[in-house]
Amino acid sequence: METEKFEIVITSPNAKETKTVTMEGTLDEAKAKTDHIARENIGSIVSAFATNGFKSVYQKHYLSAIKCPKCGEIIPIEHL
């Protein structure tokens with residue numbers, strides 16, 4: 001697969017704060033990194049853009065999370 005440069009933008013729930021993470025890799029790696037960041041930032045919108053692109057190639061948003069009563073794992077709930 002071909003490697004590209006991606007910008008992963010993390011937008012806070014109130015849309016007042018944004019953070020940008022730059023990475024180089026394949027689209028599958030960008031999707032995996034976006035999903036990982038979204039799981040860490042519950043409530044934020046996380047989008048992956050190709051560098052100098054204006055259209056998101058992948059987006060993930062978890063509204064909230066629940067804690068498993070048996071194992072204690074935090075399970076994010078995906079926004080559809």
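I started with strand 1 (residues 4–11) and strand 3 (residues 45–50), which pair in the antiparallel sense over six bridges. Strands here are DSSP E runs of at least two residues, helices are H or I runs of at least four, and both are numbered from the N terminus. I take two strands as paired if DSSP finds at least two bridges between them. Ile8 has Ala48 in strand 3 as its bridge partner.

The model is predicted: local features need pLDDT of at least 70, side-chain atom pairs count only at pLDDT 80 or more, and totals for chains, interfaces and linings use all residues. Residues are numbered from 1 along each chain as its sequence is written, and side-chain values use heavy atoms, with hydrogens and water left out.

Then I looked at the hairpin. Strand 4 (residues 56–67) and strand 5 (residues 74–78) pair in the antiparallel sense over five bridges. Ala65 has Pro76 in strand 5 as its bridge partner. Six residues lie between the strands, and Gly72 takes a positive phi near 85°.

Last, I searched the whole structure for salt bridges (a side-chain nitrogen of Lys or Arg within 4 Å of a carboxyl oxygen of Asp or Glu). I found one. Asp35 pairs with Arg39, the closest N and O atoms being 3.3 Å apart. Both lie in helix 1 (residues 27–40), four residues apart, about one turn of the helix.
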